[in-house]
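I opened my notebook beside the model and jotted down what I looked up. Here are the entries, in the order I made them.

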Amino acid sequence: MTEETPAVADCSRAEARRTQILDAAENCVREYGFHRASISKISRASGMGAGHIYHYFANKEAIVAAIVARELERVLTLTAEVQAADNMLEALALRTGSGVLGNLDSQAAGLKLEIVAEASRNPAIAAIVHAADSRRSAGLEETLKVLRQAHGLANDAATITAIAEVIAAMFEGLMVRAIRNPAVDRVLIARKFQQLIRAIVLG
């Protein structure tokens, strides 16, 4: 068994601290809203000094960028799994179910909606959100293009973009419903979404 080198150990510690800060920041944004989630509050929640936080993140916008990047990485991983599957349509439907459950979680939804709301008035946050959405859309559109081509369906750019936008609107609408009606039957909604995804993709 080899010992971890100092460089690797330092990298692991740095990543752990970044995660600690991001987890605390997410909790603060959910609890206080974007503007009241100050660095001092994030500092207390993370158990780290404000100076230590600034060592890893230049400002609150940089923290938000990292939160958005973390979610984007999760989505892109799911996209890669769908594209690598033997049956891409069923793989997409399967991951749709887990995506629905995630978006209907009121805590997760509250965080995402806070960031989107801030993007409507803060150009720096808007740029972060728009860039992440472009990468997410590109992955989904690539998947849709391959799927529809395999089934002999139109896969021109306009058609693919329209389908991708409809799917995005459906998923993002779930976040609002999670806040408005937290008692919704998540499992039943997930099943219905899976049926809709199959119909929309092949429609």
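**Entry 1: the whole chain.** How much of the protein chain counts as buried? I found that 36% of its 203 residues do, where buried means under 20% relative accessible area, exposed over 50% and partly exposed in between, with a 1.4 Å probe and protein chains only. I am reading a predicted model, in which local features need pLDDT of at least 70, side-chain atom pairs count only at pLDDT 80 or more, and totals for chains, interfaces and linings use all residues. Residues are numbered from 1 along each chain as its sequence is written, and side-chain values use heavy atoms, with hydrogens and water left out.

I listed nine helices and zero strands; these are DSSP runs numbered from the N terminus, H or I of at least four residues for helices and E of at least two for strands. The C-alpha trace spans about 55 × 50 × 30 Å along its principal axes. Among contacts (heavy atoms within 4.5 Å) with a separation of 6 or more, 69% come from residues 24 or more positions apart.

**Entry 2: helix 5.** Next I checked helix 5, residues 88–103. Its 16 residues reach 22 Å from first C-alpha to last, close to the 22 Å expected at 1.5 Å a residue, the expected span being 1.5 Å times one less than the number of residues. Its buried residues include Met88, Leu92, Thr96 and Val100. What do the buried residues of helix 5 pack against? I noted helix 4 (60–84), helix 6, helix 7, helix 8 and helix 9 (186–202).

**Entry 3: helix 6 with helix 8.** The axes of helix 6 (residues 106–119) and helix 8 (residues 157–180) come within 9 Å and cross at roughly 120°. Axes here are lines fitted to C-alpha atoms, for helices over the stretch in contact, with angles from 0 to 180 degrees between N-to-C directions. The two helices are therefore oblique to each other: under 35 degrees counts as roughly parallel, over 145 as roughly antiparallel, 65 to 115 as roughly perpendicular, and the rest as oblique. On the helix 6 side, Ser106, Ala109, Gly110, Lys112 and Leu113 meet Met175, Val176, Ala178 and Ile179 of helix 8.

**Entry 4: two single residues.** Ser43 sits in helix 2 (residues 39–46) and is buried, at a relative accessible area of 12%. Leaving aside neighbours within four places in sequence, Ser43 touches Met48, Gly49, Ala50 and Ile53. Arg135 lies in helix 7 (residues 123–150). With the neighbours within four places again set aside, Arg135 is in contact with Leu72 and Leu76.
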